[in-house]
Structures are given as C-alpha cells and as structure tokens.
Amino acid sequence: MIELRTERLLLRRWRDRDLVPWAALNADPEVREHLGEPLTRKQSDASVARFLAEFDERGYGWWAVEIKASGEFAGFAGLDRVDDGLPFTGVEIGWRLARAAWGKGYATEAARAVLGFGFGALGLPEILAVTTAGNLRSQAVMRRIGMTRDPADDFDDPFAPEGPLRPNVLYRISADTPVSAS
C-alpha cells in the first residue's frame with residue numbers, strides 16, 4: 001500500500017492500533033453530525049476491513065492519517081468511487097478527523113496529498129467531493145484545495161432520510177486545475 005507524506009502527516013495503511021481511536025471518532029456525535037448516526041464498534045471495525053480490501057483491490061482508497069510528530073491517529077483521508085444511485089459518477093475525495101485534530105489544517109494538508117496522488121499516480125481527469133449543504137467546514141476545505149461548486153449540481157442524497165442530511169452539494173476539480181497552495 002502506498003504511503004503519502006506531507007510536512008506534518010503520514011497517510012498510511014491501517015493498523016490494529018487504529019481501531020480504538022477510529023471507533024471513538026465514529027461514535028462522536030459531533031464528528032458524525034453531517035454523516036448520520038454514530039457507528040457501533042462493530043460497524044467501525046467493519047469499515048476498516050472494507051477500506052483495506054478495497055485499497056488492496058484497486059490501489060487507492062482510504063488511508064489512516066497519522067500526525068508525524070506524535071504518531072497519533074487523527075482520522076482518515078482518501079479516494080473512493082462515487083456510490084451507485086447518485087446522479088453523477090466518478091471518484092470522490094474525502095476526509096474525517098477526530099475533533100482533537102480539527103482547526104489545525106490537517107484536512108486541507110491531507111486532501112492536497114490525496115489530490116496529488118489521484119491526478120499523478122492514478123491519472124484521474126477529475127475528482128469530486130460531496131457533503132451535506134450544512135457542512136460548511138468541509139466545504140471550506142474543498143474551496144481551499146481549489147475545488148469549485150456549481151449549484152446546478154447540488155442534489156438530494158437518495159440514501160439519506162428526510163432532514164438536514166438529504167440536501168448535498170457537489171464540488172469538482174479537474175486535473176488541469178492547479179491544486180491551491182493556500
């Protein structure tokens with residue numbers, strides 16, 4: 001599995017020691033605010049098994065994000081195929097960090113590394129990002145890395161229940177768009 005390194009982060013293969021902090025992150029209602037109900041430990045562990053299998057199968061997916069200076073697990077970042085049943089197709093970028101890692105620029109730093117991998121190593125022509133209309137923090141990261149939104153692409157997530165998780169926004173960046181450094 002390929003590792004990505006930034007100034008402060010290591011995006012790496014998942015380890016057994018990541019399961020406990022990953023489960024804690026997924027059980028945090030504030031972290032899950034724009035994702036749905038908190039996950040059980042069993043659901044959280046199953047997600048890691050799925051991440052590893054998908055990465056091994058296709059050569060990309062969700063990396064565990066580690067803070068290099070401390071070795072602390074911070075969350076995940078990576079690429080995934082857009083789910084079937086959505087009104088578009090492609091590969092999307094994403095991230096999820098523990099609250100202790102918020103506000104430090106880690107999501108932006110990890111996302112830039114992931115974009116570089118997607119456009120460079122994978123040769124993707126475009127990368128997408130999706131979040132709820134109310135997730136302003138993630139939308140700010142999307143803009144910081146150079147992604148743009150056309151409101152005409154916004155959609156209701158057919159898998160989400162009625163309520164604040166249903167309205168979603170779609171951001172895009174193409175391979176010929178410079179990844180923002182600021």
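Strands S3 and S4 form a hairpin with four residues between them, and Gly 71 in the turn adopts a positive phi of about 75°. Helices (H or I, at least four residues) and strands (E, at least two) are DSSP runs, numbered from the N terminus. The model is predicted: local features need pLDDT of at least 70, side-chain atom pairs count only at pLDDT 80 or more, and totals for chains, interfaces and linings use all residues. Residues are numbered from 1 along each chain as its sequence is written, and side-chain values use heavy atoms, with hydrogens and water left out.

S3 (residues 62-67) and S4 (residues 72-81) pair in the antiparallel sense over six bridges; two strands pair if DSSP finds at least two bridges between them. Within this pairing, Glu 66 stands opposite Phe 73 in S4. S3 is also joined to strand S2 (residues 9-12) by four bridges, and these two strands run antiparallel. Here, Leu 9 has Ile 67 of S3 as its bridge partner.

In a regular strand the side chains alternate between the two faces of the sheet. Both faces of S3 are covered, with Trp 62, Ala 64 and Glu 66 buried on one side and Trp 63, Val 65 and Ile 67 buried on the other. Buried means under 20% relative accessible area, exposed over 50%, and partly exposed in between (1.4 Å probe, protein chains only).

In helix H4 (residues 136-144), Ser 138, Gln 139, Ala 140, Val 141 and Met 142 are buried. The buried residues of H4 pack against strands S5 (91-97), S6 (126-132), S7 (148-149) and S9 (167-174), and against helix H3 (106-120), where contact means heavy atoms within 4.5 Å. Just after H4, Gly 146 takes a positive phi of about 95°.
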